[in-house]
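Hi,

Here is the structure I promised to pass on. Have a look at it first, then read my notes below.

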Amino acid sequence: MEAATFASAKQIPTAGSSYSTPSSLNVSGSHSLQCLWRISRKLKPSKGFSIRASSVDDDSVVTLLDYGAGNVRSVRNAIRFLGFDIKDVQTPEDIMNAKRLIFPGVGAFAAAMDVLNKKEMAEVLCAYIKQDRPFLGICLGLQLLFESSEENGPVKGLGLIPGVVGRFDSSNGFRVPHIGWNALQITKDSQILDDIGSRHVYFVHSYRAMPSDDNRDWISSTCNYGENFIASVRRGNIHAVQFHPEKSGDVGLSILRRFLDPKCEITKKPPVHRKASKLAKRVIACLDVRTNDKGDLVVTKGDQYNVREHTKENEVRNLGKPVDLAGQYYLDGADEVSFLNITGFRDFPLGDLPMLQVLRYTSENVFVPSTVGGGIRDFTDGTGRYYSSLEVASEYFRSGADKVSIGSDAVYAAEEYSKTGVKTGKSSLEQISKVYGNQAVVVSIDPRRVYLKDPDDVEFKAVRVRNPGPNGEEYAWYQCTVNGGREGRPIGAYELAKAVEDLGAGEILLNCIDCDGQGKGFDIDLIKLISDAVSIPVIASSGAGAVEHFSEVFFETNTSAALAAGIFHRKEVAIQSVKEHLLKAGIEIRM
Ligand code: 1PR
């Protein structure tokens with residue numbers, strides 16, 4: 001596995017940079033930084049545009065168009081990690097004065113166009129691009145270049161590239177959103193993609209632009225997900241990518257670096273273990289985090305959700321420091337990192353400043369997606385101040401999370417929805433997915449197996465289980481719980497999964513209390529049941545104890561990802577070993 005090949009900005013004496021990392025997390029690499037400082041692009045403003053383009057003097061400054069609709073912290077962190085400073089666009093003139101402009105579009109298409117139009121930036125942005133000035137659009141920043149989008153539309157876009165942005169078709173069995181690491185087919189000299197080789201990059205989106213004769217000249221790469229869609233475009237100095245370079249590990253950092261410093265030499269091509277060809281199965285490292293009895297925020301790990309040692313002191317098991325471990329897992333090749341604030345259901349997450357700090361530090365050095373969960377719900381604090389679940393989630397996003405995960409609150413919402421069939425729009429799930437998109441909202445399910453003699457003994461979906469229950473029962477249903485498994489609720493995992501998909505969840509993190517920490521393998525019956533029931537991606541969790549458990553879950557179910565905690569924390573199995581095993585077994589993974 002290729003570790004980050006770039007030194008972090010903390011080693012660079014950048015005047016005015018506020019960047020810092022905790023001393024405990026060292027992710028510096030061996031790559032020379034000299035190339036980062038050799039940027040000397042001369043801009044040639046075209047005739048006829050009324051605002052004079054005056055270049056910013058400092059070559060190490062990149063202009064960022066953040067219109068305030070969501071989390072672009074990851075992009076900021078990646079730019080800073082590469083040793084560049086950021087100038088934020090405040091006015092349309094800042095766009096024209098940019099030496100190089102990055103536009104990381106986030107949120108919904110219509111909302112983004114609305115802001116660009118209201119702030120009078122749409123026209124200036126078009127002029128900047130028509131002048132062939134260095135531009136990199138990311139995700140929605142690519143889609144907005146097209147004529148229009150079907151997302152809550154049709155909605156008119158900037159109209160620079162012919163074509164309409166439409167939704168992926170999930171009827172052909174492909175899960176929407178398209179989340180994960182996929183391969184590119186590079187169709188022309190793309191310059192910024194030169195270092196990619198045949199490696200995966202990270203996508204997360206439900207809408208995509210399609211190739212056509214009219215836009216063929218623009219396309220620099222496509223990606224296949226049931227159909228070939230446009231993964232990147234390039235014309236002259238204009239680049240845009242549908243994937244997220246800031247979340248694509250060292251490959252993504254090299255793409256950004258190529259844009260920021262086009263003259264930079266490639267000093268080291270990463271080894272290619274196998275050519276990337278399709279969406280990879282993800283391997284996720286999970287960190288259950290809580291404050292221990294001494295008041296320190298630690299990574300802990302339970303056995304069937306009991307995180308206390310079996311000693312006289314009965315203390316909370318301490319398996320390490322959250323920032324250190326997350327940084328290590330990133331370097332070890334984790335495709336994602338998840339933090340679950342496991343006591344969030346009883347504490348107020350916004351009062352948990354160390355947890356927010358953990359996210360901030362982690363996002364400065366970890367360039368794969370991160371999810372955070374725990375305590376996302378409406379809340380009134382001791383002073384009577386009301387916080388909506390959206391505010392809680394927003395703070396998590398602002399602190400560096402790419403996705404939030406909702407546990408208990410999603411169970412209550414699903415119960416209500418199953419009873420009434422009415423979407424009130426008021427649940428945390430609905431509110432957060434409406435603002436941040438459903439790809440940013442994971443629902444974490446904590447089910448417990450309840451054995452049955454007869455599947456008709458319960459109103460919830462039951463399955464025949466591989467291993468009969470203690471009294472020879474051949475069936476089980478999976479009862480959902482809340483508050484860290486402490487309370488069983490009148491809803492099954494199957495019913496919950498279907499309800500939360502309807503309510504706007506973009507992904508399901510499927511735990512199993514019976515298997516948690518046992519190391520005997522994932523609950524294949526449960527994972528098959530849920531991954532066959534929904535068309536959003538499912539992450540299998542709980543019970544991994546050996547590399548074979550990962551291949552088993554990928555061969556026997558439709559799960560998109562497998563998550564483990566204990567075996568990684570206790571260094572019993574390395575992420576690299578899991579990946580090598582999967583590769584040998586013929587399963588597509590990111591190396
Ligand atoms: O209900 O919205 O506040 O969210 C609370 C979150 O905290 C939920 O996602 C819930 O799963 C999690 N949680 C609550 N209590 C515990 C606990 O362990 N006492 N952790 C807990 C759940 C389960 C997995 C674990 C896997 C893999 N942890 O995420 O990491 O089972 O473990 P393994 O590989 O060692 O078997 P809310």
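Predicted model: local features only at pLDDT ≥ 70, side-chain atom pairs only at ≥ 80, totals over all residues.

Residues are numbered from 1 along each chain as its sequence is written, and side-chain values use heavy atoms, with hydrogens and water left out.

Ligand first. It is surrounded by 24 residues, and the closest are Ser-408, Ser-444, Asp-446, Asp-516 and Ser-542 (a residue counts if one of its heavy atoms lies within 4 Å). An N or O atom in the Asp-446 side chain is 2.6 Å from a ligand oxygen, and a backbone N or O atom of Gly-543 lies 2.9 Å from a ligand oxygen. The protein covers 98% of the 770 Å² of accessible area that the ligand has on its own (Shrake-Rupley method, 1.4 Å probe).

Ser-408 also belongs to helix H10, residues 408-420 (helices are DSSP runs of H or I, at least four residues; strands are E, at least two). Ser-408 is among the buried residues of H10, as are Ala-410 and Tyr-417 (buried means under 20% relative accessible area, 1.4 Å probe, protein chains only). After H10 comes Gly-421, with a positive phi near 70 degrees.

Finally, four strands make an open, mixed sheet in the order E6-E5-E7-E11 (strands pair if DSSP finds at least two bridges between them). E6 and E11 stand at the edges with a single partner strand each, so one side of each has no neighbour in the sheet. E5 and E7 run parallel, joined by three bridges.

Cheers

Technical notes:
Expected span 1.5 Å × (residues − 1). Buried < 20%, exposed > 50% of the residue type's maximum accessible area, 1.4 Å probe, protein only. Polar contact = N/O pair within 3.5 Å; in protein donor to acceptor, adjacent residues only side chain to side chain.
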